[in-house]
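Morning, everyone. Please have a look at the sequence and the model on the screen, and then we'll walk through the fold together.

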Amino acid sequence: MNLLKSKTVKAAALIAATLHLSACGTILYPERKGQVSGQIDAGVAALNGIGLLFFLVPGVIAFAVDFSNGTIYLPNSAAASGEDDVRIVHAGKDLTADQLQELISAEVGQPVDLSQAQIRSEKAATQAAIHMRLNELTVAP
């Protein structure tokens with residue numbers, strides 16, 4: 001009986017160490033692999049933190065693996081950054097709020113209601129100027 005209990009404890013310890021070494025987010029959310037940034041999933045961070053609290057080295061490894069795989073980030077929470085995330089439409093003239101609403105609706109393929117939105121138009125000489133301005137707006141507090 002003692003031998004069985006000893007083997008059970010060893011097996012449980014081995015399974016626990018393996019889970020912590022391979023990182024919580026990677027095991028729980030393998031579909032998140034490849035994300036570069038975003039909001040950190042508090043649940044995954046807490047599980048990794050527990051691993052850090054009880055087993056220092058496996059906890060550090062769990063955080064490192066989850067950050068490098070991107071599995072610690074919540075899906076679809078990355079901020080817009082880069083040219084692929086921005087759609088630029090040349091209107092060729094000044095637009096009214098209604099015309100802007102129609103233009104955006106046509107671009108995204110869904111109805112858009114801008115009646116409650118705070119809209120401010122700005123002109124830019126080049127696409128690079130648009131990207132610089134967007135970066136300023138996303139970084140601002």
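Let me start with what I call a helix. Helices (H or I, at least four residues) and strands (E, at least two) are DSSP runs, numbered from the N terminus. On that basis, the protein reads α-α-α-α-α-α along its sequence. That comes to 6 helices and 0 strands.

Now the ground rules. This is a predicted model, where local features need pLDDT of at least 70, side-chain atom pairs count only at pLDDT 80 or more, and totals for chains, interfaces and linings use all residues. Residues are numbered from 1 along each chain as its sequence is written, and side-chain values use heavy atoms, with hydrogens and water left out.

Next, burial. Buried means under 20% relative accessible area, exposed means over 50%, and partly exposed lies in between, with a 1.4 Å probe and protein chains only. How many of the 141 residues count as buried? The figure is 16%.

Let's take helix 3. It has 13 residues and reaches 18 Å from its first C-alpha to its last, close to the 18 Å expected at 1.5 Å a residue. The expected span, by the way, is 1.5 Å times one less than the number of residues. Which residues of helix 3 are buried? They are V44, N48 and G51. These residues cover an arc of only 50° around the axis, so they sit on the same side of helix 3. The arc is that of the directions from the helix axis to the C-beta atoms. Turn to the face away from that buried side, and you find A42, L53 and F54 exposed.

Two of those names come back in a nonpolar surface patch. I27, L28, L47, I50, L53, F54 and F55 form the patch, with about 690 Å² of accessible area together. Patches are made of residues with over 30% relative accessible area and no salt bridge; like charges are joined within 9 Å, and nonpolar side chains (Val, Leu, Ile, Met, Phe, Trp, Tyr) within 5 Å. Accessible areas come from the Shrake-Rupley method with a 1.4 Å probe; for residues, only the protein chains shown count as cover. Where does the patch come from? Helix 2 (24-28) and helix 3 (42-54) each supply at least two of its residues. Helix 3 gives the most, with 4 residues. L47, for one, is in helix 3. L47 is partly exposed, at a relative accessible area of 35%.

Here is something from the record. In UniProt, an unreviewed entry annotates residues 40-65 as "transmembrane region". Positions are in the numbering used here, feature names are shortened, and annotations may be inferred rather than shown by experiment. What does the model have there? Over residues 40-65 the chain is 88% helix and 0% strand. The end C-alpha atoms of that stretch are 14 Å apart.

On to helix 4, residues 56-69. Its 14 residues reach 20 Å from first C-alpha to last, close to the 20 Å expected at 1.5 Å a residue. P58, G59, A62 and D66 are buried in helix 4. These four cover an arc of only 100° around the axis, which puts them on the same side of helix 4. On the other side, L56, V57 and S68 are exposed. Just after helix 4, G70 takes a positive phi of about 85°.

Helix 5 next. Its 12 residues should span 16 Å at 1.5 Å a residue, and its end C-alpha atoms are 16 Å apart, which agrees.

Now the charges. A salt bridge is a side-chain nitrogen of Lys or Arg within 4 Å of a carboxyl oxygen of Asp or Glu. The count by this rule is 1. Which side chains meet in it? D41 and R32 do, at 2.9 Å, N to O. Are they buried or exposed? Both D41 and R32 are buried.

Last, the loops. P30 is in the loop between helix 2 and helix 3. P30 counts as partly exposed, at 45% relative accessibility. P30 and N69 are 39 residues apart in sequence and 9.0 Å apart in space, C-alpha to C-alpha. L74 lies in the loop between helix 4 and helix 5. L74 is partly exposed, at 28% relative accessibility. L74 and S37 are 37 residues apart in sequence, and their C-alpha atoms are 8.8 Å apart in space. K123 is in the loop between helix 5 (97-108) and helix 6 (127-139). K123 is exposed, with a relative accessible area of 74%.
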